[in-house]
Structure formats: structure tokens, C-alpha cells
Amino acid sequence: MDLNGLEGVVVADTALSDVDGERGRLVIRGHDVEPLALQHGFESACALLWSGALPDAAALAALRARLGQARARAFGRLPSLGDALDGADAMDALRASLAHLRADAIAPNELKLELTAAVAVFAAAWSRQRAGAAAIAPDPTLGHAADYLRMAAAPNSDAERAAARARALDAYLVAASDHGMNASTFTARVVASTQSDAVSAIVAAIGALKGPLHGGAPGPVLAMLDAIGSPEHAGRWIAAQLARGERIMGMGHRVYRVRDPRAAVLERAIEQLHAAGLRSNRLALARAVEAVAVASLAERRPERRLAANVEFYTAVILDAVGLPQPLFSATFAVARVAGWLAHIDEQRENGRLIRPASRYVGPMPEVREAA
Ligand code: COA
């Protein structure tokens, strides 16, 4: 087995999610991702990941209210964040702003809510600041998706359209909430395994998610769709990209050998937006570019099955709900923080210190040196 990249190495038993790369199936705590994402919202996914079961109506209402209050508290922290939100990169801003939280200053039973709320509120505030606008205070009566959208993008649309956008974003947040032992989740678990605190683990996970091979792809996917412009240019553009030795963003996956099932969920959610009168002219283009990219990659690397991953349609859906492209990776963190927090708990409950080994390939002293 080639251990480079730990491909196929099992590092934990988990009850949180299962990624079947051959069949293209994602199960989150006993639920297939598609019905979960299309029928339930982000708070339900949080309850499922954190407690093991979908909440009943009363528990869901209580969680929504508590998360809303946590957003209001996170908003209250904004003046104490110094220059954390000043940078040009949303992930840098998230890393710096979340690092201001202190786990020992937050009640243990509030920690998940505080961190989940803070990611959304700080990301939205960064986006507003970047646009030269004042941060928008949360509305604790709204669901997390609707409020994040309101705070980040201030959509100037009627209630019906705002609700349709929030539903689409909710589907995205659920679909992206957990995904096996991905790089940022592993990072969070490594930090948690040292018995460090949850804030440190989440800050580290954000660092891992930032990279373009993990959560940094949807921005470049949108840039690619814009550069291609219309379906008839896709073939030439993709061929030129591959000839330069560049990767096609939103294509390929470490685990999936078929199309990422989350791509289908997002496509469905975008179709529902269309049905609500919110058309994204990028959906048709994305489908055309996907077909060309899959065919070109198959021709080039027939033995390595490369298909669309979640990031491909993430770009389309986040654009369609009105979020600006620089906020895409941070919006991934808004979703994934739910999974990270569940994994941190699971690691603490069941895991040992994660401390793998390496193979030394450097030089040895010619003779054993005296100490
Ligand atoms: N475009 C072009 N070629 C690709 C490719 C892509 N998107 N993804 C993989 N390949 C090629 C690689 O160049 C490599 O070829 P090589 O052996 O000649 O170098 C081969 O397929 C195997 O790739 P590998 O790097 O082993 O795959 P991986 O499992 O390490 O990487 C990803 C998985 C996701 C990092 C990779 O597919 C990728 O970079 N995709 C684009 C970025 C992206 O969409 N990231 C979001 C992931 S959800």
C-alpha cells in the first residue's frame, strides 16, 4: 500500500458518516445525504451529528432558538476582534477571528453552538467589511441558513424569494456538514486527540479547509465557468488547461470513483430555485462543462476515474443564492463546523493520541557519534 497521502488508511471508527467511493453514496448518521439535505435544514443536521438522532419539532425549535441567540452573542464579539477581519482572504479572517475565542471562557454545553454561530457571523461580517458596509446584526428568530444569507449578502428580494434562497442554502449546508475522514476533519481530530480544546481544533481545521485541493475549489470553479463563458468554448478551454498540466477544479476526488452524490443534491436544489423563479444561467453551462471535463479526463487518464465533486455545483448554488465568490470557502466552513465538532467529541470519547510514524529516508552518521 502506498501510504503517501494515507489513501485508504483507516484512522478511526466513526458513527458520523460513511463515504462509499465506489457506489457514490454518502450516509450521514444513518441517513442518505440526498433526502437528508432536501427534506431537513442545517439545525436538524447539527442535532443528528451531535446527538445521533433527528430532532422532533420541539427540540428543533429549541435548537434553532439557542443557535440564534449564539449568533447574537457572536455579533457582540465583533468589536473585540481587532484587525482579524481586515485581510483579503475570508479563510484567513475566519482563522484569525475564531482564534479570539477562548474555550475556557465558554460553558462546555454552549461550545458547539458558540463556535457554529461564530463561523457564520464572522464570515458574514468579513464579507460586509470587504464591501465597505457595516455588519448586519443577526435575527435570532430565523434559521441559520436564512440568517447567514441575510447577514452576508443582504439580499434585496421579497420574502418568497429570500425563503427559496434560504432553502437552497440549507440543502448545501446539510450536504456539506460531514464527509468521513476528509483532511480538515482529520486535522480537527488530531488536535482533539492531544486533549487540546475545541477552539484550537476548529482553528486548525479551518487552516486545512483553506487549501485549493480541499475547500478552496469552488471559487476557482466559478472563475472557470466565467472564463469558459458558453458551452461551445468548453472543449478548447479544458484541453488548454490540461495541456498546461493544470487540474480542472471541481473534478476528481480522493475517495469517489464515480460522481460525488452531493453534486446531485446541489443540482436538485438549484432546480428547486429555478422552480421558484430564481434562474441561474450557470446551471446549464456547468452541466455542459462537466460533461466535457469528464470526457477529456477519461481520455487522458482512463485508469483513474475522475468525475465531478461537490465543489463543482457548490460554485453554482452559492452563486445562485447570492453569496459573493470570495465567501465560498468560508461558507463551506459554516457547514462543516457541525461535522468537525461532532468528530472532536467522538475523538475525545473513543480515540487515542493520533501519532503516526514516518519512514526515515535521510542520511545516517557514518559511525555512531558519541553524545
Ligand atoms: N484535473 C486534472 N487531473 C486530475 C484532477 C483534476 N481535477 N484530479 C486528479 N487528476 C489527475 C492528477 O493529475 C493525477 O495525475 P498524475 O498521476 O499524472 O499526476 C491523477 O489524476 C491522480 O490524482 P491524485 O493527485 O492522486 O488524486 P488525489 O486523490 O490525491 O486528489 C483531488 C484528489 C480532489 C485533490 C484532486 O482530484 C484535485 O486536485 N481536484 C481538483 C481540486 C478540487 O476539486 N478539490 C475539491 C475536492 S472535494
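The model is predicted, so a local feature is used only at pLDDT of at least 70 and a side-chain atom pair only at pLDDT 80 or more, while totals for chains, interfaces and linings take in all residues. Residues are numbered from 1 along each chain as its sequence is written, and side-chain values use heavy atoms, with hydrogens and water left out.

I start with the ligand. There are 19 residues around the ligand, where a residue counts as near if one of its heavy atoms lies within 4 Å. R247, I248, G250, M251 and R301 come nearest. By class, this shell has nine nonpolar, five polar and five charged residues. Here Ala, Val, Leu, Ile, Met, Phe, Trp, Tyr, Cys and Pro count as nonpolar, Asp, Glu, Lys and Arg as charged, and the others, Gly among them, as polar.

Next, the oxygen atoms of the ligand. For R247, a polar side-chain atom lies 2.8 Å from an oxygen atom of the ligand. G250 uses its backbone instead, with an N or O atom 2.8 Å from a ligand oxygen atom. Taken alone, the ligand exposes 850 Å², and the protein buries 74% of that; these areas come from the Shrake-Rupley method with a 1.4 Å probe.

Now the sheet. It is open and has three strands in the order β1-β2-β3, with antiparallel pairing. Strands are DSSP runs (E, at least two residues) numbered from the N terminus, and two of them pair if DSSP finds at least two bridges between them. Which strands stand at the edges? They are β1 (17–20) and β3 (31–32); each has a single partner strand, so one side of each is left without a neighbour in the sheet.

β1 pairs with β2, residues 25–28, over four bridges. Along this pair, S17 stands opposite I28 and V19 opposite L26. Their hairpin has four residues between the strands, and G24 takes a positive phi near 70 degrees.

β2 and β3 pair over two bridges, with I28 opposite H31. This hairpin has two residues between its strands, and R29 in the turn has a positive phi of about 40 degrees.

Conventions
Polar contact = N/O pair within 3.5 Å; in protein donor to acceptor, adjacent residues only side chain to side chain.
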